Amino acid sequence: MGNPMKIRATAKDGVTEVKILMQHEMETGLRKEADGTLVPAWFITEVKAQYQGRTVLDGQFGQSISKNPYLLFRFKGGAVGEKIAVSWVDNKGDSRTDEATIAA
Amino acid sequence: MKAEVDLNRRKALKAGGSMGLLALFGGLGLLQSGAALAEWNKAAFSAKSMDDALNALGVIIPENSATAIQLTVPEIAENGSVVPVSVASNLADIEQISILVDKNPNVLAASFVIPQGTEGLITTRVKMGQTANVIALVKAGGKYYRVAKEVKVTAGGCGG
């Protein structure tokens, strides 16, 4: 169970803008500790956003995405007061889902 | 469409197993429903070169199109571990947006399936080990488009 995401969703002129800040180390598996041991890869592989059961974004990440990944996207529709759910899965099988209420 | 399916089938035979099957389904558009999350594309995300990454993504020949895609990246990144990248496109029927960094150990940074009703816009942040080209790859209406921009990195993001 990872740390909670920060999600901001705002609806304007029929389009909902979603900003997501995930909390994750995003280790590439290439970085070495001071003593030379390799830090194992640990990163988010899949991100999915859903609105009322409809998938509005279906993404896959690689090791090149920065620590604490940020994501912005927009979808048509989305009503103020309704919820948007974002989930991620990492390469160790950990996962997290958070919800945010769409604001005006 | 027929040619694309045949190509994917050939790849499926070559790759074998679930990966090939995934490429075949992708080619047939069965994954567009969005009902099931596509399996993480290990081959594409492990690719060490642009060619390998494009192959694993099933891209035939991307059209170089700076007019169809707006790629926004900084000219100079002082911190290679956090480089903002924004991809926007007004192409019709956008199906997929991918972001690649050609000199990173793993060139593919992210790939997004864009369902109907979602705009052709993605902003995220990537790591860059050194000065390199950031490539935005957009699939729209069954065709691939790409645009590349160089980002000068003054401090690397890998292993600092």
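The model is predicted, so local features need pLDDT of at least 70 and side-chain atom pairs count only at pLDDT 80 or more, while totals for chains, interfaces and linings use all residues. Residues are numbered from 1 along each chain as its sequence is written, and chains are lettered from A and ligands numbered from 1 in the order in which they are written.

**Where the chains meet**

- Chain B brings 30 residues to the contact and chain A brings 29 residues; two residues are in contact if their C-beta atoms, placed from the backbone, lie within 7 Å.
- On the side of chain B that touches chain A, strand 6 (108-113) and strand 7 (121-126) of chain B each supply at least two residues. Strands (E, at least two residues) are DSSP runs, numbered from the N terminus.
- By class, that side of chain B has 16 nonpolar, 11 polar and three charged residues. Here Ala, Val, Leu, Ile, Met, Phe, Trp, Tyr, Cys and Pro count as nonpolar, Asp, Glu, Lys and Arg as charged, and the others, Gly among them, as polar.

**A sheet built from both chains**

- Strands of a sheet pair through backbone hydrogen bonds, either parallel or antiparallel. Two strands count as paired if DSSP finds at least two bridges between them.
- Six strands form an open sheet with antiparallel pairing, in the order 1(A)-2(A)-5(A)-7(B)-4(B)-2(B). Its edge strands, strand 1 (6-12) of chain A and strand 2 (69-72) of chain B, each pair on one side only.
- Follow L72(A) across and you reach its bridge partner, T123(B), in strand 7 of chain B.
- Within chain A, strand 2 (residues 15-21) and strand 5 run antiparallel and are joined by seven bridges. There, T16(A) stands opposite F75(A) of strand 5.

**Two residues with positive phi**

- Most residues other than glycine have a negative phi.
- M26(A), in the loop between strand 2 and strand 3 (44-51) of chain A, has a positive phi near 50 degrees. M26(A) counts as buried because it has 21 C-beta neighbours inside 10 Å.
- N68(A), in the loop between strand 4 (54-61) and strand 5 of chain A, is not a glycine and has a positive phi of about 50 degrees. N68(A) counts as partly exposed because it has 16 C-beta neighbours inside 10 Å.
- The cut-offs: a residue is buried with 20 or more other C-beta atoms within 10 Å of its own, exposed with 12 or fewer, and partly exposed in between, with C-beta atoms placed from the backbone.

Terms used:
Helices (H or I, at least four residues) and strands (E, at least two) are DSSP runs, numbered from the N terminus.
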